[in-house]
Amino acid sequence: MPSDPPLAEFTAAYAPDDAALAAELLTTATLPPHREAQIDAIATDLISAIRGSEHGLGGVEAMLREFALSTKEGLALMVLAEALLRVPDAATADAFIEDKLGQGDFAHHRIKSDAVLVNASAWALGLSARLVLAGDTPQGTLAALTRRIGAPAVRAATRQAMRLIGNHFVLGETIEAALARAQPYAREGSRYSYDMLGEGARTAADAERYYQSYADAIIAIGRRAGNAALPARPGISVKLSALHPRFEAINRDRVMRELSSRLLELAQLAKSHDLAFTVDAEEADRLELSLEVFAACFADPSLKGWDGYGLAVQAYQKRAATVIDHVAKLARALDRRMMLRLVKGAYWDTEIKRTQERGLADYPVFTRKPMTDLNYLHCARKLLALRPHLFPQFASHNALTVATILAEAGHCDGYEFQRLHGMGEALYARLLADHPQAVCRIYAPVGGHRDLLAYLVRRLLENGANSSFVAQAGDDSVPIAELLTRPATLIGHPENARNSAIPLPRDLYQPQRINSRGVEFGDRSALAALLGDIESARRPLPTVASTTPEQAAATVTAARKGFESWSRTSGDHRAAILQRAGDLLEQHRGELIALLQDEGGKTLDDCVAEVREAVDYCRYYASEGRRLFGEPLVLPGPTGERNTLALRGRGVFVAISPWNFPLAIFLGQITAALMAGNAVVAKPAEQTPVIAEVAVRLLHEAGVPPAALHLVQGDGRIGAALVEQRDIAGVVFTGSTEVARAINRTLAAKDGPIVPLIAETGGINAMIVDATALPEQVADDVIASAFRSAGQRCSALRLLCVQDDVVDRVIAIIAGAARELTIGDPRDPATHVGPVIDAEAKTRLDTHIAAMKREAQLHFAGTAPASGNFVAPHIFELSRASQLTEEVFGPILHVVRYKAAQFDDLLNDIATTGYALTLGVQSRIDDTIARVIAQLPTGNVYVNRNIIGAVVGVQPFGGSGLSGTGPKAGGPHYLPRFALEQTVSINTAAAGGNAALLTGRE
Ligand SMILES: Cc1cc2nc3c(=O)[nH]c(=O)nc-3n(C[C@H](O)[C@H](O)[C@H](O)COP(=O)(O)OP(=O)(O)OC[C@H]3O[C@@H](n4cnc5c(N)ncnc54)[C@H](O)[C@@H]3O)c2cc1C
């Protein structure tokens, strides 16, 4: 077990303001004129070398120029590269190739470059694509190709092209092969850092495999490392996410216990060969945890006397400089020397997306490229000054960045440059020729082609982006002078530090509404503040008395009175109240989360998401309400007449909601009905009465008159009593299909007005996974969809349908990932799966599990705490989809395998369930995705992602058939269903003739 580090843990603001950072960076950015001139000269020389080298840019740079990502061909090529080599069956590979080649115009793509790589891939693709001509249908293409050259030839040529591209980026498929290939260069003095390719571990077996491959590689590298001393020795780069299946902030204690000791073992092994050993930099939400693991390992006395331990730091992160200060302090405190690799960062688009999805206050990374460059130089300066405690390693393929460092350092001692294998060759060849004392280490990926492709795509994406130096250097039309423009000049003023085209997460939906506020669990201080709020708001749950049927009837009468005045308020007034309600919910987040945990058994992540959804409903319906219930719509008509259409409240709406979203669905129904001008009698589920009371209290506090919003408590009998009332104007219901049917019958049996029923019920939700899908991504999405919220979401995944060519691997990875879930007390932030709602639900699920054990093949059974209403995740394989006849509302996943040739039968089976709520498709073949969408009328279709967590106003939610009546909650058609329409036609010519017409001009 590693030791306690001698320093306090790393703390820094997660996402500080860009302008404040820019102000600081800009003050140190200007250099004396002679230095600037020197930088210009070096950079010009390097760029000229890049542009003038024998094969142009050679390698990937040339390929990117031919197949830029901004072209259809480039995109198709990237998707093809990402998936082709992992597709095992010929039929899917052929369909995939056909699909991608059909998207570009490869046949007419004239090759401008003579670089070997471009020619090889273009030749193969051109050969395959020559018959993909305009007007050909995708279905007809393969047949035509097969007739001409045969499908196997097409497949073989395309795979070969992909292998060539792969070969270019990977030094070897095994460490031995890589070492052999590096040997001649290493003998001449080139330094290498080997990287074992692969996606992060999802299972314990993955983590063990990566550990072994790192350990084996260290031994193999060590054997051939020669006699030079560090830093002139080879090294290895490791990813913490590869060494633990749940490397995430909420799992801190487990990660520190399990991962730190694994990392230490590898570091000790590396030390025994005196190698360089670098911990790669990954996503921003893992930075604090990475640093803790890194420090715990570094502090271990067994590593004393070794200078090879190192860390990568990303300059696109706003915290980069603080990280450097922190590790420098650590090195000083331990009196050790360590290596520090400065990179710009490889996950920029992922960071932006995650921050938006989580509704954070600001981005942890810069949003303008020159800010990343400026910060890189700032950090570089810091590193150069921190020698000899740190050994700086500058990883960049940007000639200006490299030239600046060279000029600022003044000499080449005490640091090195680094480049990726397959990139930056011309730049560094010239640099080393001009500055023989300079050193460049090559980061060399090692691995089989299946593992390579995710890495390759990151490189293609990064370097194909217009903003990237590689792309610009490769474009001869960009003058060298432009490439020499300093980042400080491009920024100019601190106010320009932010990219105005990338809104802050809060403003994502503006001008319509403000986004709800989220929390980053990877931000320790934000998580601690949230947990503090929750604990200080936690109270014992009071008991809530049930309403009697008589009281329920009287409540409807009272609500009828409330309707009179509420329906006469303006849409603006009602919207303003909902706005306030949204703000109040955010202010009471701690209290609401404590209740959701204690009463609803929900995990922290689910609670935060649920409060956000409730807030979003308030704000979305407020903004929709302003649009729909403001001024009447003026309609065209004959002159002398004014025709308008307006919406108004119907009367008293009964809102009956379930326990699984006791805040969000409860408030979603109520706020929509209120916004439309109705009075509401709300009946929450009997399992979650206290949350409902608090939610109603907050709505009253926001300004909804108590007469317009009433709460009745009780079980299904009270709900039934409400629905029977003569005076109700409509029912909005979320729950089971059976209860929805009963409500429908009760409403139909009544004399009097025919009133609307808006019902959202369950689903046998399926996800279809073909052989082109990425198994790791499928595992993440299936685990979230099937087991998050203990499977108690209407949208949860029940039926996973996997192509039989890949099913065994897919099940193995999902089962392995499920094994890593923590099941237990939902108040513990580390819990992934909490209890099911009550003993009755547990009994029902246990009975189903027992039946499945007899009728299906068990692939995984988790273990859950013995006391409490826990049901562990289970995975069963059915022989056919039709074996699952009803929704099973818990963490039980059913899997069926299908043959690619019988895809339509599968779609038919899914349609035959009669449900149509959510559906997932995981495939890289656009044609397959389009077929699924066209053939199944499912309400919410999710492609290559999980199938839960619909966002208000972004993924309006609800299905059809046995899954509900529509309209979709959180969508533009929802509010009108709660309203009456009224057309008013006024004969404006009745009194005094048609003055407007008579005075009109010709
Ligand atoms: C030896 C080596 C090791 C590496 N190890 C790691 C690692 O451990 N972790 C890791 O994440 N990456 C790692 N990388 C990848 C590295 O991050 C990229 O190769 C690098 O960012 C490319 O920078 P550049 O100076 O060559 O190119 P440039 O084109 O000058 O810069 C590209 C950078 O700008 C950023 N950028 C683009 N648009 C914007 C924008 N609008 N706002 C802000 N920033 C923007 C990109 O994200 C990228 O970081 C490594 C690279 C090398 C060479």
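This is a predicted model: local features need pLDDT of at least 70, side-chain atom pairs count only at pLDDT 80 or more; totals for chains, interfaces and linings use all residues.

I began with glutamate 416 and arginine 441, and I find both of them buried, where buried means under 20% relative accessible area, exposed over 50% and partly exposed in between, with a 1.4 Å probe and protein chains only. The side chains of glutamate 416 and arginine 441 meet in a salt bridge at 2.6 Å, N to O, the term standing for a side-chain nitrogen of Lys or Arg within 4 Å of a carboxyl oxygen of Asp or Glu. Glutamate 416 is in strand β7 (residues 416-420) and arginine 441 in strand β8 (residues 440-446), so I note a link between distant parts of the chain, 25 residues apart. Helices (H or I, at least four residues) and strands (E, at least two) are DSSP runs numbered from the N terminus.

Residues are numbered from 1 along each chain as its sequence is written, and side-chain values use heavy atoms, with hydrogens and water left out.

Next I looked up arginine 430, which forms a salt bridge with aspartate 45, the closest N and O atoms being 2.4 Å apart. Arginine 430 lies in helix α18 (residues 425-434) and aspartate 45 in helix α2 (residues 33-52), so the pair ties together parts that are 385 residues apart in sequence. Arginine 430 is partly exposed at 31% relative accessible area, and aspartate 45 is partly exposed at 23%.

I then turned to glutamate 591 and arginine 697, whose salt bridge has its closest N and O atoms 3.3 Å apart. This pair links helix α26 (residues 589-600) with helix α29 (residues 689-702), across 106 residues. For the structure I noted 61 salt bridges.

My last entry concerns the second largest pocket, with a volume of about 1200 Å³. A pocket here is an open set of points on a 1 Å grid over the protein atoms alone, where a 1.4 Å probe fits, with protein on both sides within 12 Å along at least five of seven lines; lining residues have an atom within 4 Å of a point. The volume is the space filled by probe spheres set on the points, which are joined across faces, edges and corners. Of its 42 lining residues, the closest to the centre are Trp659, Gly735, Ser736, Val739 and Arg844. Helix α34 gives the most to this lining, with 7 residues.
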